[in-house]
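Open the model in your viewer and keep the selection tool at hand. This tour says what to select next and what is there.

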Amino acid sequence: KWKLLQYEEKKFFENLYMPLFIKDGKLHVYISNDLSKDINAQISIKFLSFDDGKEISNKKEIKVELMADQTKEVYSQEISKDNAQNYFIYAFMKAEDACGKEYYSENTLFPLVYKHCNIQKSKIECKINKKDSKIFEIKLSSDTPAFYLSLDTLNTMGRFSDNLLTL
């Protein structure tokens with residue numbers, strides 16, 4: 001589905017973006033601030049199991065100040081290939097400018113190419129609550145981490161701000 005790629009591509013052009021990548025056996029976490037304002041950010045980096053989504057090591061909590069129009073590395077760590085097929089890396093950032101406006105960014109990284117990861121088959125549950133004639137609340141849950149999901153609606157018009165989901 002071509003539109004799913006557009007949802008992901010949109011993140012690359014956000015004014016505040018947090019790319020993750022592995023180079024030479026090392027995890028690198030950057031923040032790119034294309035805003036015209038300085039920000040204060042709190043970043044949480046977790047190493048999570050494909051089996052149940054639980055943390056396999058202590059999460060890393062980072063506080064950083066980033067000036068307007070600045071990109072910088074905020075964290076790096078050696079990554080062992082031992083057991084790399086059994087976990088993924090999830091990072092979440094909450095940032096705030098001087099006026100109190102909040103910004104969010106999240107990213108997921110697999111330490112190996114997908115075909116070498118032990119991604120489990122997920123059982124996904126969907127609960128739909130009709131709020132009024134035009135608004136529905138959709139709650140999704142999964143017994144294991146589930147990546148790159150999308151919702152399809154048959155015979156129902158609707159919009160999603162992002163329809164490429166990870167549970």
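Buried means under 20% relative accessible area, exposed over 50%, and partly exposed in between (1.4 Å probe, protein chains only). This is a predicted model, in which local features need pLDDT of at least 70, side-chain atom pairs count only at pLDDT 80 or more, and totals for chains, interfaces and linings use all residues. Residues are numbered from 1 along each chain as its sequence is written, and side-chain values use heavy atoms, with hydrogens and water left out.

**Stop 1**

Select Phe160. Look in the segment after strand 10 (136-142); strands (E, at least two residues) are DSSP runs numbered from the N terminus. Phe160 counts as partly exposed because its relative accessibility is 32%.

**Stop 2: the cores**

In soluble globular proteins, nonpolar side chains tend to be buried together. A nonpolar core is a set of buried Ala, Val, Leu, Ile, Met, Phe, Trp, Tyr and Cys residues joined through side-chain atoms within 4.5 Å. Select Leu27, Val29, Ile31, Ile43, Ile45 and Ile89: these have the most contacts inside the largest core, which has 26 residues. Among the elements giving it two or more residues are strand 3 (26-33), strand 4 (39-49) and strand 7 (87-97). Another core, of six residues, lies apart from it; Leu48, Phe50, Phe110 and Cys117 are among them.

**Stop 3: Ser44**

Select Ser44, in strand 4. Is Ser44 buried or exposed? Ser44 is buried, at a relative accessible area of 12%. Its side chain makes a polar contact of 3.3 Å with that of Glu61. (Polar contact: N or O atoms within 3.5 Å, one able to donate a hydrogen and the other to accept it; residues adjacent in sequence count only if both atoms are side-chain atoms.)

**Stop 4: salt bridges**

A salt bridge puts a side-chain nitrogen of Lys or Arg within 4 Å of a carboxyl oxygen of Asp or Glu. How many does the structure hold? There are four. Glu61 pairs with Lys59, the closest N and O atoms being 3.4 Å apart. Glu61 is exposed, at 52%. Finish at Lys37 and Asp97, whose side chains meet at 3.2 Å, N to O. Lys37 lies in the loop between strand 3 and strand 4 and Asp97 in strand 7, so the pair ties together parts 60 residues apart in sequence. Asp97 is buried, at 4%.

Key:
Helices (H or I, at least four residues) and strands (E, at least two) are DSSP runs, numbered from the N terminus.
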